[in-house]
Amino acid sequence: CRYSWVLSSLMSAVYSLGFAYQAPQLFVNYKLKSTPHMPWKTLVYKALNTFIDALFAFMIQMPMMHRLSYLRDDAIFLIYLYQRWKYGVDRKRANEYGQRFAD
């Protein structure tokens, strides 16, 4: 019984830290009122990856916490897309891969 509780608690912590790991970029975008440039190829890849993960999260039998972690990733990506639409893209700002696309 204790083993199950410890394992469940550790899994919850890992899923929560996954959100904490992804969220700072959204706060930086909000503070700077811009988003870093991401090539369309990369953006489409991330969108397809997010969609396919969410699709399989509901097709394959898995623990509920694991399914929620996929929805967390979807929510973060949708917020990023909203910020990209609202604030626009700053081509001088480095993206997560360290690339700059200044003219």
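A: Arg-72 counts as buried because its relative accessibility is 17%, where buried means under 20% relative accessible area, exposed means over 50%, and partly exposed covers what lies in between, all with a 1.4 Å probe and the protein chains only. Before going further, note that this is a predicted model, in which local features need pLDDT of at least 70 and side-chain atom pairs count only at pLDDT 80 or more, while totals for chains, interfaces and linings use all residues. Residues are numbered from 1 along each chain as its sequence is written, and side-chain values use heavy atoms, with hydrogens and water left out.

The side chain of Arg-72 meets that of Asp-73 in a salt bridge, with 2.9 Å from N to O; the term stands for a side-chain nitrogen of Lys or Arg within 4 Å of a carboxyl oxygen of Asp or Glu. Side chains of opposite charge can pair when their charged atoms come close. By this rule the count comes to 1 salt bridge. Asp-73, whose relative accessible area is 23%, is therefore partly exposed, whereas Arg-72 is buried.

The surroundings of this pair can be explored through the helices. Helices are DSSP runs of H or I with at least four residues, strands are runs of E with at least two, and both are numbered from the N terminus. The axes of helix 2 (residues 40–59) and helix 3 (residues 64–87) come within 9 Å and cross at roughly 150 degrees, where an axis is a line fitted to C-alpha atoms, for helices over the stretch in contact, and the angle runs from 0 to 180 degrees between N-to-C directions. The two helices are therefore roughly antiparallel to each other, since angles over 145 degrees count as roughly antiparallel, those under 35 as roughly parallel, those from 65 to 115 as roughly perpendicular, and the rest as oblique.

Leu-81 belongs to helix 3 and, at 31% relative accessibility, is partly exposed; its C-alpha atom is separated by 9.4 Å from that of Thr-35, 46 residues away along the chain. In helix 1 (residues 2–32) we find Leu-17, which is exposed with a relative accessible area of 60%. The C-alpha atoms of Leu-17 and Ala-57, 40 residues apart along the chain, are separated by 19 Å.

Lys-33 sits in the loop between helix 1 and strand 1 (35–36). Its phi is near 55 degrees, a positive value in a residue other than glycine. Most residues other than glycine have a negative phi. With 44% relative accessibility, Lys-33 counts as partly exposed.
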